[in-house]
Amino acid sequence: MSAATLRRLIVIGLIALWEILPRAGLIPELFLPSLSSTLAAGWNEAGEYGHALAVTLYEVAISMAFACGGGILLGAIVGSLPRPRILIMPMVSSLYAVPLVILYPVFTVWLGIGSESKIAFASIYGFLPTMLATAAGIQTIDPQLLLAARSMGATLSQRLVRVIIPAAIPTVLSGLRVGGALVIVGVVVSEMLISSAGIGYLISRYRTILDSPHVFAGVLLVLAMAVAFNAAIKWIERKAAIWQTGTRAGQESAGEVAPAALQPAT
(Lines give C-alpha, C1' and ligand atoms only; values in the text may rest on other atoms or scores of the structure.)
Protein backbone atom coordinates (compact mmCIF):
# COMPACT_ATOMS: atom_id res chain seq x y z
CA MET A 1 0.00 0.00 0.00
CA SER A 2 1.44 3.36 -1.02
CA ALA A 3 1.82 6.27 1.36
CA ALA A 4 -0.72 8.35 -0.59
CA THR A 5 -3.33 5.58 -0.31
CA LEU A 6 -2.64 5.23 3.40
CA ARG A 7 -3.08 8.98 3.90
CA ARG A 8 -6.42 8.90 2.07
CA LEU A 9 -7.61 6.01 4.23
CA ILE A 10 -6.63 7.89 7.39
CA VAL A 11 -8.53 10.98 6.23
CA ILE A 12 -11.62 8.90 5.36
CA GLY A 13 -11.45 7.18 8.74
CA LEU A 14 -11.24 10.49 10.62
CA ILE A 15 -14.20 11.87 8.66
CA ALA A 16 -16.22 8.75 9.46
CA LEU A 17 -15.36 8.99 13.16
CA TRP A 18 -16.30 12.68 13.14
CA GLU A 19 -19.77 11.74 11.93
CA ILE A 20 -20.28 8.51 13.92
CA LEU A 21 -18.99 9.40 17.40
CA PRO A 22 -21.27 12.43 18.03
CA ARG A 23 -24.25 10.62 16.46
CA ALA A 24 -23.69 7.64 18.74
CA GLY A 25 -23.52 9.89 21.80
CA LEU A 26 -19.95 8.93 22.59
CA ILE A 27 -18.91 12.61 22.34
CA PRO A 28 -21.27 15.42 23.36
CA GLU A 29 -22.31 17.50 20.35
CA LEU A 30 -21.47 20.64 22.31
CA PHE A 31 -17.81 19.58 22.17
CA LEU A 32 -17.83 18.05 18.69
CA PRO A 33 -20.92 18.32 16.46
CA SER A 34 -21.32 15.76 13.71
CA LEU A 35 -19.88 16.56 10.31
CA SER A 36 -23.31 16.59 8.68
CA SER A 37 -24.71 19.12 11.19
CA THR A 38 -21.58 21.25 10.75
CA LEU A 39 -21.95 21.28 6.96
CA ALA A 40 -25.67 21.99 7.27
CA ALA A 41 -25.00 24.94 9.57
CA GLY A 42 -22.50 26.38 7.12
CA TRP A 43 -24.85 25.84 4.18
CA ASN A 44 -27.78 27.50 5.93
CA GLU A 45 -25.67 30.60 6.58
CA ALA A 46 -23.77 30.45 3.31
CA GLY A 47 -24.20 34.17 2.62
CA GLU A 48 -22.81 35.18 6.00
CA TYR A 49 -19.89 32.78 5.76
CA GLY A 50 -19.18 33.84 2.18
CA HIS A 51 -18.94 37.51 3.18
CA ALA A 52 -16.74 36.64 6.16
CA LEU A 53 -14.49 34.47 3.98
CA ALA A 54 -14.07 37.32 1.48
CA VAL A 55 -12.98 39.67 4.28
CA THR A 56 -10.50 37.14 5.67
CA LEU A 57 -9.05 36.31 2.24
CA TYR A 58 -8.60 40.01 1.51
CA GLU A 59 -6.69 40.50 4.76
CA VAL A 60 -4.65 37.33 4.21
CA ALA A 61 -3.71 38.28 0.63
CA ILE A 62 -2.45 41.74 1.56
CA SER A 63 -0.66 40.47 4.67
CA MET A 64 1.00 37.70 2.68
CA ALA A 65 2.24 40.19 0.07
CA PHE A 66 3.86 42.30 2.78
CA ALA A 67 5.12 39.40 4.92
CA CYS A 68 6.37 37.00 2.27
CA GLY A 69 7.42 39.52 -0.36
CA GLY A 70 9.13 41.79 2.12
CA GLY A 71 10.61 38.88 4.05
CA ILE A 72 12.16 37.32 0.94
CA LEU A 73 13.53 40.63 -0.32
CA LEU A 74 14.97 41.82 3.00
CA GLY A 75 16.23 38.33 3.86
CA ALA A 76 18.07 38.18 0.53
CA ILE A 77 19.66 41.59 1.13
CA VAL A 78 20.64 40.87 4.73
CA GLY A 79 21.89 37.37 3.92
CA SER A 80 24.09 38.55 1.06
CA LEU A 81 25.76 41.46 2.89
CA PRO A 82 28.04 40.52 5.83
CA ARG A 83 27.74 43.70 7.90
CA PRO A 84 23.91 43.98 7.87
CA ARG A 85 23.72 40.25 8.58
CA ILE A 86 25.88 40.62 11.70
CA LEU A 87 23.89 43.63 12.91
CA ILE A 88 20.31 42.63 12.09
CA MET A 89 20.07 38.83 12.31
CA PRO A 90 20.60 38.52 16.10
CA MET A 91 17.90 41.13 16.76
CA VAL A 92 15.41 39.49 14.38
CA SER A 93 16.10 36.05 15.86
CA SER A 94 15.47 37.37 19.37
CA LEU A 95 12.28 39.12 18.28
CA TYR A 96 11.03 35.90 16.66
CA ALA A 97 11.20 34.20 20.08
CA VAL A 98 8.76 36.76 21.53
CA PRO A 99 5.02 35.79 21.42
CA LEU A 100 3.95 38.54 19.04
CA VAL A 101 0.25 38.08 19.83
CA ILE A 102 0.79 40.29 22.89
CA LEU A 103 1.44 43.18 20.49
CA TYR A 104 -1.98 43.04 18.82
CA PRO A 105 -3.67 45.37 21.35
CA VAL A 106 -0.99 47.93 20.49
CA PHE A 107 -1.92 47.69 16.81
CA THR A 108 -5.59 48.19 17.63
CA VAL A 109 -4.72 51.37 19.54
CA TRP A 110 -2.65 52.65 16.62
CA LEU A 111 -4.80 51.49 13.69
CA GLY A 112 -8.26 50.73 15.13
CA ILE A 113 -10.21 47.47 15.00
CA GLY A 114 -10.62 47.39 11.23
CA SER A 115 -8.63 45.48 8.64
CA GLU A 116 -5.58 47.72 9.00
CA SER A 117 -4.60 46.42 12.44
CA LYS A 118 -5.08 42.79 11.38
CA ILE A 119 -3.03 43.25 8.21
CA ALA A 120 -0.22 44.94 10.15
CA PHE A 121 -0.19 42.25 12.85
CA ALA A 122 -0.33 39.30 10.44
CA SER A 123 2.32 40.86 8.20
CA ILE A 124 4.81 41.10 11.05
CA TYR A 125 3.79 37.66 12.32
CA GLY A 126 4.68 36.03 8.98
CA PHE A 127 7.54 38.38 8.05
CA LEU A 128 10.04 37.19 10.64
CA PRO A 129 10.24 33.46 9.77
CA THR A 130 10.27 34.24 6.03
CA MET A 131 13.14 36.67 6.44
CA LEU A 132 15.14 34.34 8.70
CA ALA A 133 14.73 31.35 6.38
CA THR A 134 15.66 33.38 3.31
CA ALA A 135 18.74 34.88 4.97
CA ALA A 136 19.83 31.40 6.12
CA GLY A 137 19.38 30.04 2.60
CA ILE A 138 21.41 32.85 1.07
CA GLN A 139 24.39 31.91 3.24
CA THR A 140 24.44 28.41 1.71
CA ILE A 141 24.97 29.73 -1.84
CA ASP A 142 28.26 28.81 -3.51
CA PRO A 143 30.49 31.91 -3.21
CA GLN A 144 31.82 31.23 -6.71
CA LEU A 145 28.40 32.11 -8.13
CA LEU A 146 28.44 35.50 -6.44
CA LEU A 147 32.05 36.09 -7.46
CA ALA A 148 31.23 35.28 -11.09
CA ALA A 149 28.24 37.64 -11.03
CA ARG A 150 30.32 40.48 -9.56
CA SER A 151 33.13 39.90 -12.03
CA MET A 152 30.62 40.24 -14.86
CA GLY A 153 29.55 43.62 -13.51
CA ALA A 154 26.16 42.63 -12.08
CA THR A 155 24.62 45.17 -9.73
CA LEU A 156 23.22 44.23 -6.31
CA SER A 157 19.65 44.18 -7.64
CA GLN A 158 20.70 41.97 -10.57
CA ARG A 159 22.55 39.58 -8.27
CA LEU A 160 19.50 39.37 -5.99
CA VAL A 161 17.00 38.66 -8.78
CA ARG A 162 19.12 36.49 -11.10
CA VAL A 163 21.57 34.69 -8.80
CA ILE A 164 20.83 34.87 -5.08
CA ILE A 165 17.09 34.21 -4.84
CA PRO A 166 16.99 31.49 -7.57
CA ALA A 167 19.92 29.67 -5.94
CA ALA A 168 18.18 29.72 -2.55
CA ILE A 169 14.74 28.65 -3.80
CA PRO A 170 14.36 25.51 -1.58
CA THR A 171 15.09 27.40 1.63
CA VAL A 172 13.03 30.38 0.51
CA LEU A 173 10.02 28.13 -0.12
CA SER A 174 10.40 26.57 3.33
CA GLY A 175 10.31 30.02 4.88
CA LEU A 176 7.39 30.96 2.63
CA ARG A 177 5.42 27.94 3.84
CA VAL A 178 5.95 28.84 7.51
CA GLY A 179 5.45 32.56 6.99
CA GLY A 180 2.28 32.13 4.93
CA ALA A 181 0.78 29.73 7.46
CA LEU A 182 1.52 32.21 10.26
CA VAL A 183 -0.15 34.97 8.22
CA ILE A 184 -3.36 32.91 8.10
CA VAL A 185 -3.09 32.21 11.83
CA GLY A 186 -2.40 35.87 12.58
CA VAL A 187 -5.41 37.13 10.63
CA VAL A 188 -7.85 34.60 12.12
CA VAL A 189 -6.59 35.06 15.69
CA SER A 190 -6.77 38.85 15.43
CA GLU A 191 -10.33 38.57 14.09
CA MET A 192 -11.24 36.37 17.05
CA LEU A 193 -9.79 38.85 19.54
CA ILE A 194 -11.19 42.19 18.32
CA SER A 195 -13.18 42.44 15.11
CA SER A 196 -16.57 42.91 13.54
CA ALA A 197 -16.04 40.85 10.37
CA GLY A 198 -14.19 37.81 9.10
CA ILE A 199 -14.12 34.08 9.77
CA GLY A 200 -12.41 34.55 13.12
CA TYR A 201 -15.15 36.96 14.18
CA LEU A 202 -17.87 34.42 13.28
CA ILE A 203 -16.07 31.68 15.21
CA SER A 204 -15.81 33.92 18.27
CA ARG A 205 -19.42 35.12 18.00
CA TYR A 206 -20.92 31.65 17.71
CA ARG A 207 -18.63 30.41 20.47
CA THR A 208 -20.13 32.90 22.93
CA ILE A 209 -23.62 31.47 22.33
CA LEU A 210 -22.36 27.84 22.41
CA ASP A 211 -23.37 27.17 18.79
CA SER A 212 -20.87 24.42 18.06
CA PRO A 213 -21.98 23.54 14.48
CA HIS A 214 -21.47 27.13 13.34
CA VAL A 215 -18.13 27.32 15.19
CA PHE A 216 -16.85 24.19 13.45
CA ALA A 217 -18.16 25.45 10.09
CA GLY A 218 -15.82 28.42 10.50
CA VAL A 219 -13.00 26.11 11.57
CA LEU A 220 -13.50 24.07 8.38
CA LEU A 221 -13.13 27.22 6.27
CA VAL A 222 -9.88 28.12 8.03
CA LEU A 223 -8.65 24.56 7.48
CA ALA A 224 -9.58 24.81 3.80
CA MET A 225 -7.54 28.02 3.46
CA ALA A 226 -4.51 26.38 5.07
CA VAL A 227 -4.79 23.26 2.87
CA ALA A 228 -5.14 25.38 -0.29
CA PHE A 229 -2.10 27.45 0.63
CA ASN A 230 -0.02 24.34 1.32
CA ALA A 231 -1.09 22.84 -2.01
CA ALA A 232 -0.02 26.04 -3.78
CA ILE A 233 3.42 25.91 -2.14
CA LYS A 234 3.83 22.25 -3.13
CA TRP A 235 2.96 23.15 -6.73
CA ILE A 236 5.59 25.91 -6.72
CA GLU A 237 8.14 23.49 -5.22
CA ARG A 238 7.51 20.99 -8.03
CA LYS A 239 7.92 23.69 -10.67
CA ALA A 240 11.09 24.96 -8.98
CA ALA A 241 12.51 21.43 -8.80
CA ILE A 242 11.88 20.92 -12.52
CA TRP A 243 13.51 24.28 -13.30
CA GLN A 244 16.56 23.52 -11.15
CA THR A 245 16.94 20.04 -12.64
CA GLY A 246 16.79 21.42 -16.17
CA THR A 247 19.29 24.16 -15.34
CA ARG A 248 21.69 21.67 -13.76
CA ALA A 249 21.41 19.33 -16.74
CA GLY A 250 22.09 22.20 -19.11
CA GLN A 251 25.17 23.18 -17.15
CA GLU A 252 26.47 19.60 -17.16
CA SER A 253 25.91 19.18 -20.90
CA ALA A 254 27.62 22.50 -21.55
CA GLY A 255 30.55 21.35 -19.44
CA GLU A 256 30.81 18.15 -21.49
CA VAL A 257 30.60 19.90 -24.85
CA ALA A 258 33.21 22.55 -24.04
CA PRO A 259 36.17 20.17 -23.50
CA ALA A 260 35.18 18.26 -26.62
CA ALA A 261 35.22 21.42 -28.66
CA LEU A 262 38.78 22.14 -27.49
CA GLN A 263 40.16 18.82 -28.72
CA PRO A 264 42.12 19.04 -31.99
CA ALA A 265 40.48 17.62 -35.09
CA THR A 266 41.88 14.34 -36.37
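**Close-up views of a cavity and a pocket**

The structure, which is a predicted model, holds one cavity of 30 Å³ or more.

**View A. The largest cavity and its lining.** The largest cavity has a volume of about 30 Å³, and the residues that line this cavity are Leu-100, Leu-103, Phe-107, Phe-121, Ile-124 and Tyr-125. Sorted by class, this lining consists of six nonpolar residues, with no polar and no charged residues.

**View B. Helix 6 at the largest cavity.** Helix 6, which spans residues 115–138, gives the most to the lining of the largest cavity, with three residues. Phe-121, Ile-124 and Tyr-125 are among the residues lining this cavity.

**View C. The second largest pocket and its lining.** The second largest pocket has a volume of about 160 Å³. Gly-79, Ser-80, Leu-81, Arg-85, Ile-138, Gln-139, Ile-141, Leu-146, Arg-150, Leu-156, Arg-159 and Ile-164 form the lining of this pocket. By class, the lining of the second largest pocket has six nonpolar residues, together with three polar and three charged ones.

**View D. Helices around the second largest pocket.** At least two residues of the lining of the second largest pocket are supplied by each of helix 3 (46–80), helix 7 (143–151) and helix 8 (156–167). The largest share of this lining, three residues, comes from helix 8.

**View E. Charged and polar residues of the second largest pocket.** The lining of the second largest pocket includes Arg-85, Arg-150 and Arg-159, and three residues of this lining are charged. Gly-79, Ser-80 and Gln-139 also line the pocket, whose lining has three polar residues.

Note on methods:
Residues are numbered from 1 along each chain as its sequence is written. This is a predicted model: local features need pLDDT of at least 70, side-chain atom pairs count only at pLDDT 80 or more; totals for chains, interfaces and linings use all residues. Side-chain values use heavy atoms; hydrogens and water are left out. On a 1 Å grid over the protein atoms alone, a cavity is a set of points where a 1.4 Å probe fits but cannot get out, and a pocket is an open set with protein on both sides within 12 Å along at least five of seven lines; lining residues have an atom within 4 Å of a point. Grid points are joined across faces, edges and corners, and a volume is the space filled by probe spheres set on the points. Helices (H or I, at least four residues) and strands (E, at least two) are DSSP runs, numbered from the N terminus. Ala, Val, Leu, Ile, Met, Phe, Trp, Tyr, Cys and Pro count as nonpolar, Asp, Glu, Lys and Arg as charged, and the others, Gly among them, as polar.
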